[in-house]
Structures are given as C-alpha cells and as structure tokens.
Amino acid sequence: MATLKQYSYAEVAKHNTPADLWMVIDDKVYDVTKFQTEHPGGEEVLIEMAGKDATNEFNDVGHSTDAKAQMKQFVVGEIIEAERKKNAPKQDWQQTAIIAGSALALGLGLVLLYRALKK
C-alpha cells in the first residue's frame, strides 16, 4: 500500500472554499471539491466544514457503508502523526457511561438525603 501524503491542519485549512474544498475525517484528508453537487445532504454541509476536521459531524449523521466506501476515492492524504486525533486522549462511551451513572447516583443520593432530613 502506498504511503499517503502528510498534511498539517494548517495546510488543510487553506483549502476552505467551494472551488478548493478539503476536510479531515478520522485523520484522513479528503478533497471533496468535485463531490459537492453529488452530496446527498447538500453542498452547504460540505462547505461549512471546508478546511476543518469533520469527523464528529460525519459520524453523527451515521453514513452508510456505501458512503464510507465511496469516500476512499477522495483521499488525498492524512494528518501528520503529531497532530492526529487518535494520539489525543479520547472520552469513549464507557467513560461517558461512568460519568452519567455517577451523576445519576449522586442525584438519587441527594434526593434520599433530602427526604431523610425533611422528616
């Protein structure tokens, strides 16, 4: 497999117009300039994320397997190792569940304490 060209976020940010539209999804750099008019969600969605990391927005929509496969043709590179998001600590669903569960337990504890003191 060929090595992908490396880009910094600063380099990707220069490609932020409809005539030259790049974005980052999962540390891969995509040139979606020619895809704008074909995008099922409208070109405005792509233009809004031009030159930026669109990983969260892409994942929030829940793209199909076909859409993910189609993306491969637009890859022009990847983010340089030092700037990759996977190097940053992530808050995964397990951490979120623990935080939510702790908040719920704290809330219930306060309700019980309030009721006990009210008597």
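Guide: Happy to. Let us begin with Y30, which touches L21, W22, M23, I25, M71, F74, V75 and V76, leaving out residues up to four places away in sequence. Please keep in mind that this is a predicted model.

Visitor: Where does Y30 lie, and why is Y30 called buried?

Guide: Y30 lies in strand 4, residues 28-31. Its relative accessible area is 9%, and buried means under 20%, so Y30 is buried.

Visitor: What makes a group of residues a nonpolar core?

Guide: The members are buried residues of the listed nonpolar kinds, joined through side-chain atoms within 4.5 Å. The largest such core here has 13 residues, and those touching the most other members are L21, M23, I25, Y30, V32 and L46. Strand 3 (residues 20-25) gives this core its largest share, three residues. A separate second core has seven residues, including Y7, V12, W22 and I79. In soluble globular proteins, nonpolar side chains tend to be buried together.

Visitor: How do you know that W22 is buried?

Guide: The relative accessibility of W22 is 8%; the limit for buried is under 20%, so W22 counts as buried. W22 is found in strand 3. Beyond its neighbours within four places in sequence, W22 is in contact with Y7, V12, H15, V29, Y30, D31, M49, A50, G51, K52 and V76.

Visitor: H15 is on that list. Why is H15 called buried?

Guide: H15 has a relative accessible area of 18%, and the cut-off is under 20%, so H15 is buried too. H15 sits in the loop between helix 1 (9-13) and strand 2 (16-17). Setting aside neighbours within four places in sequence, H15 is in contact with D20, L21, W22, A50 and G51.

Visitor: How do you know that R84 and E78 form a salt bridge?

Guide: Their side chains meet at 3.0 Å, N to O. A salt bridge needs a side-chain nitrogen of Lys or Arg within 4 Å of a carboxyl oxygen of Asp or Glu, so this pair qualifies. E81 and R84 meet the same way at 2.7 Å, N to O. The structure holds two salt bridges, and E78, E81 and R84 are linked in a network.

Visitor: Which of these three are buried or partly exposed, and how do you know?

Guide: R84, at 10% relative accessibility, counts as buried. E78 has a relative accessible area of 15%, and with buried meaning under 20%, E78 is buried.

Visitor: What makes up the lining of the largest pocket?

Guide: The largest pocket holds about 450 Å³ of space. Of its 21 lining residues, the closest to the centre are I25, H39, L46, F58 and H63. Strand 3, helix 2 (43-48), helix 3 (55-61) and helix 4 (65-71) each give two or more residues to the lining. By class, the lining has 15 nonpolar, four polar and two charged residues.

Visitor: I25 is one of those closest to the centre. What does I25 touch?

Guide: Not counting residues up to four places away in sequence, I25 touches Y30, A54, T55, F58 and M71.

Conventions:
Residues are numbered from 1 along each chain as its sequence is written. This is a predicted model: local features need pLDDT of at least 70, side-chain atom pairs count only at pLDDT 80 or more; totals for chains, interfaces and linings use all residues. Side-chain values use heavy atoms; hydrogens and water are left out. Buried means under 20% relative accessible area, exposed over 50%, partly exposed in between (1.4 Å probe, protein chains only). Helices (H or I, at least four residues) and strands (E, at least two) are DSSP runs, numbered from the N terminus. Contact means heavy atoms within 4.5 Å. On a 1 Å grid over the protein atoms alone, a cavity is a set of points where a 1.4 Å probe fits but cannot get out, and a pocket is an open set with protein on both sides within 12 Å along at least five of seven lines; lining residues have an atom within 4 Å of a point. Grid points are joined across faces, edges and corners, and a volume is the space filled by probe spheres set on the points. Ala, Val, Leu, Ile, Met, Phe, Trp, Tyr, Cys and Pro count as nonpolar, Asp, Glu, Lys and Arg as charged, and the others, Gly among them, as polar.
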